[in-house]
Amino acid sequence: MKIIVAIKQVPDRDAQVRIDAAAKWIEESDIQFALNESDAYALEEALQLKEKHGGEVIVVSAGPERVGQTIREALAKGADRAIHVACDDLGTRDALGVARLLAAAVKPENPDLVLTGLQSEDLGLGQTGVILAELLGLPHATLILHIDVEGDAGSSAHIKVKRELEEGWFQEIEMPTPAVLTIQSGGNKLRYATLMGIKRAKLKEVRTLAASELGTDAAPVVILERLALPQKQKSTQILPGNAKEAAAALVEKLKFEVRVL
Amino acid sequence: MLLFLPTLAEPENFSVAEKIAFAGLVLVSAYSFWRRFGVVLDKILKSRKDASFRFSPVGKRVWEFFWEVLCQAKVIRERPLPGLAHACVFWAFLAFALVTLNHCAVGLGIGFLSPKSVAGRFYSYFAAVFALACTVGILGLFVRRFLVRPKWLGAKLSWESGFIAFLIFTLMATYLASFFVADTDSSARVLWWVHTLALLIFLPILPHTKHLHLVLSPATVFLSRGSFAQIPPLSGDEDFGLVAGTDLTRLVSLQAYSCVECGRCTEHCPAANTGKLLNPKEIVLGVRAYLNDLGPASGEPLLGKYNAQDAVFQCTTCGACEFQCPVGIEHVPILVGLRRGAVNTGTWEDNYGSKLFLALERGSNALGISPAERDKFIQKQELPIFDGTQEYCLWLGCMGGYDPKGREIVSSLVQVFRYLNVSYGVLRKEKCTGDPVRRLGNDLVFQQLAEANLEALAQNKVKKIVSICPHCVRTIQEDWKEYGTPPEIEHHSEFLARHLSQLPSVQNEEKIVFHDPCYLGRYRDVYEEPREVVKATGQLVEAPRNHERSFCCGAGGGLAFLGEETGERVSHNRAAELVATGASTIGTACPFCNSMFRDALATTGDAPPQLLDIAQLAARGLPETGSAKDQEG
């Protein structure tokens with residue numbers, strides 16, 4: 001089974017994010033980047049499928065040079081080779097623009113499965129995977145926790161996927177391959193990176209494709225107007241009086257100010 | 001007038017046939033010895049070279065050889081009675097080197113220690129004293145092994161040990177008996193032959209049994225790694241720790257064959273004492289069995305048939321085993337080496353372990369908490385940020401920066417700093433030192449953390465660090481050396497002991513039992529400094545297991561992060577011992593010990609003793625706020 005996993009490098013969860021001067025993107029100079037969480041689960045699912053059914057796992061990632069670090073981590077965890085779509089304008093491209101880059105890189109590979117994370121931790125659009133499916137002309141399913149390959153794992157394999165719905169409900173879908181699936185976090189236990197993996201990763205192939213060579217349209221359909229940090233304000237009120245008085249005052253506020261009662 | 005003294009009977013005039021028979025037997029005995037010993041030696045020498053081994057400092061090696069081998073200090077210190085009995089046997093063997101050489105020479109008619117010469121007579125009496133001591137010693141050891149039967153020697157009786165004891169007894173008895181017969185008497189010849197046969201049977205048995213330690217352990221003690229629990233750097237791109245036979249180094253193989261199976265390691269092991277699978281003696285014997293069956297060129301994994309992976313990951317790296325070992329085996333590098341082999345190749349699967357590794361691959365602390373929480377703590381306590389102008393960098397560590405109890409310890413230490421007007425600051429950002437991943441064998445994450453921290457310290461021009469955590473201290477000072485030059489660092493007990501005279505005295509009758517943290521005591525050899533702090537604020541009480549025999553709290557080696565233990569909890573075992581001293585306060589000097597005991601004490605029904613770090617003890621006598629100068633002003 002040939003599986004492509006599209007991964008994204010995002011600002012580390014612990015990073016102190018600052019907005020750049022143009023208020024269009026964040027200051028990238030002083031922060032650390034890491035693999036997007038649900039992409040890590042997509043990679044894990046792909047690696048487990050490969051361990052069970054054999055085949056190849058290829059990671060593809062679009063972004064500037066720093067993305068190389070995340071690509072190497074994915075290779076260290078067990079991906080066989082990687083494609084780096086080099087572009088410095090990821091922040092200003094919309095989901096369609098990114099999906100076009102990925103589609104151009106993925107198409108010649110003719111994979112049996114394309115996995116992406118459900119959404120990115122930075123922009124959280126949750127659309128790239130779905131648009132990618134559309135561009136590739138493949139069926140897709142979202143919010144996937146688990147993939148089972150039914151019968152033969154060859155090029156015409158059928159898969160059964162488990163989707164996560166609201167409130168603890170799940171849905172199981174049977175679908176043909178090739179297909180595009182967006183993976184939800186938490187379906188598997190992630191593996192840790194190992195020294196041996198990192199050393200072996202150095203010997204694996206990373207093919208770099210320049211965005212300009214892929215001949216895709218960079219002009220965004222959705223334009224980012226302005227980026228701002230959430231406003232923090234303290235509106236704690238201490239209600240005076242004894243317990244009875246305070247409780248009465250609280251009910252008053254909940255009823256008429258906050259209007260939740 | 002000379003007193004009449006019996007002299008050592010040495011038969012003269014052996015017939016040619018006897019001489020040939022004797023020479024033949026010596027050759028057969030020596031050959032049988034070599035047939036096995038040669039194999040062992042070959043396995044040791046064919047093991048991988050220890051790339052990081054340095055012979056210097058020679059002085060330390062010579063001293064350890066003198067103290068531990070020749071004086072038998074470690075053997076006696078830990079188990080005085082059997083230790084002394086062993087020393088008697090050992091010293092007799094040394095004294096008998098000349099006697100045995102002469103004994104064989106006599107058989108060929110070229111004896112050199114004539115009982116008629118003053119020197120010869122002196123030496124035979126000199127050796128006789130040792131022979132007497134040895135006889136008593138070996139009988140004592142025989143009684144211990146076969147009648148007292150301490151459990152550390154194993155459930156199975158070792159008949160070979162009994163036979164060896166019998167041979168040693170025969171050697172001594174025949175030597176002593178020959179003082180009471182005449183040279184010309186035929187019984188002198190019988191004694192000579194019995195002594196000879198005992199000797200020639202003894203020799204080939206040695207390399208087949210644990211008595212091989214006679215030959216190997218002096219070398220093992222002399223050729224130690226150089227410092228306690230030292231984890232060697234990995235060498236080259238294909239070294240991932242102890243994965244297979246090809247990863248066993250000469251030191252590891254030498255140590256495996258040196259084990260005398262005395263069980264001191266197991267006797268002190270926190271895992272073995274609380275019903276876990278791990279038994280450090282069996283780990284060493286497992287490596288030996290692997291070498292015997294498969295040899296050092298084998299690609300078979302070391303973990304599996306010969307040693308269980310689960311056992312290896314139950315080690316708290318407290319180092320009690322290595323500290324006690326009388327034959328120079330270094331258990332910690334072996335156990336951590338086996339873990340490295342499993343983790344660096346990804347064969348160890350553990351939910352908690354993976355969680356810790358993933359937290360430290362991405363995040364900054366072992367507790368997996370957002371660094372913003374550390375920032376808030378720094379702001380709330382108004383801790384100054386280190387800017388290169390202050391004397392000390394106060395290293396918070398994961399516990400000091402994120403754990404509520406660890407923060408209390410830091411706050412108390414800061415109170416002392418303020419009182420003493422010590423200039424200090426904390427780093428704006430800190431990552432875990434990598435202690436838990438280092439001990440669990442994750443070299444990838446450890447390297448990332450060590451390098452990032454070393455860079456941050458260099459950027460901030462840190463010269464001196466003080467830390468409340470012995471694990472941070474050890475890791476920064478020793479383990480980071482693989483990746484750079486760490487600044488000077490000390491544990492807060494050392495700082496506090498040095499400044500004790502400047503702190504107000506608060507003598508009272510409160511009984512305080514001090515628990516020696518493994519990483520402060522055995523790892524750093526700091527025992528008295530925290531006790532001085534305790535003594536300055538109350539009456540010091542000692543737990544039965546104290547100083548270098550202190551019993552682990554169960555947190556070390558990354559185990560604090562690995563979830564529920566099997567068997568009894570190590571922390572409960574130790575906490576019960578501390579409570580039983582009747583002390584009203586338990587004094588600790590490590591935030592991990594503190595955390596373990598906090599949980600253990602919470603499960604005891606009646607009012608447990610209070611639990612305080614030495615920094616909290618030292619800060620108790622200080623005025624609520626302000627520095628000494630403010631007070632004066």
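Biologist: Why is His547(B) called partly exposed?

Modeller: His547(B) has 14 C-beta neighbours inside 10 Å. A residue is buried if 20 or more other C-beta atoms lie within 10 Å of its own, exposed if 12 or fewer, and partly exposed in between, with C-beta atoms placed from the backbone. The count of 14 falls in between, and His547(B) is therefore partly exposed. The model is a predicted one, in which local features need pLDDT of at least 70 and side-chain atom pairs count only at pLDDT 80 or more, while totals for chains, interfaces and linings use all residues. Residues are numbered from 1 along each chain as its sequence is written, and chains are lettered from A and ligands numbered from 1 in the order in which they are written.

Biologist: Is Thr317(B) buried or exposed, and how do you know?

Modeller: Thr317(B) has 28 C-beta neighbours inside 10 Å. That value meets the condition for a buried residue, so Thr317(B) counts as buried. Its phi is near 55°, again positive in a residue other than glycine, and its place is in the loop between helix H12 (309-312) and helix H13 (320-324) of chain B.

Biologist: Which peptide bond in chain A is cis, and which in chain B?

Modeller: In chain A, the bond from Thr177(A) to Pro178(A) is cis, with omega near -5°. Pro178(A) sits in the loop between strand S9 (170-176) and strand S10 (179-183) of chain A. In chain B, the bond from Ser56(B) to Pro57(B) is cis, with omega near 0°. Pro57(B) sits in the loop between helix H1 (16-45) and helix H2 (58-70) of chain B.

Biologist: What makes a set of residues a nonpolar core, and how many residues has the largest one?

Modeller: A nonpolar core is a set of buried Ala, Val, Leu, Ile, Met, Phe, Trp, Tyr and Cys residues joined through C-beta atoms within 7 Å. The largest has 206 residues, and those with the most contacts inside it include Val5(A), Leu181(A) and Val416(B). Helix H3 (residues 95-106) of chain A gives the most to this core, with eight residues. A second, separate core of 21 residues includes Ile138(B), Leu141(B), Leu171(B) and Tyr175(B). In soluble globular proteins, nonpolar side chains tend to be buried together.

Biologist: With which residues is Leu181(A) in contact, its neighbours within four places in sequence left aside?

Modeller: Two residues are in contact if their C-beta atoms, placed from the backbone, lie within 7 Å. Among the partners of Leu181(A) are Leu113(A), Leu115(A), His140(A) and Val161(A).

Biologist: How many residues of each chain are in contact with the other chain?

Modeller: On the side of chain A there are 14 residues, in contact with 18 residues of chain B. Helix H5 (residues 195-201) of chain A supplies the largest share of that side of chain A, five residues. The residues on the chain A side divide into seven nonpolar, two polar and five charged. Here Ala, Val, Leu, Ile, Met, Phe, Trp, Tyr, Cys and Pro count as nonpolar, Asp, Glu, Lys and Arg as charged, and the others, Gly among them, as polar.

Biologist: How do you know that strand S5 and strand S7 of chain B pair?

Modeller: Strand S5 (residues 511-514) and strand S7 (residues 585-588) of chain B run parallel and are joined by three bridges. Two strands pair if DSSP finds at least two bridges between them, so three bridges meet the condition for S5 and S7 of chain B.

Technical notes:
Helix = DSSP H or I, 4+ residues; strand = E, 2+ residues; numbered from the N terminus.
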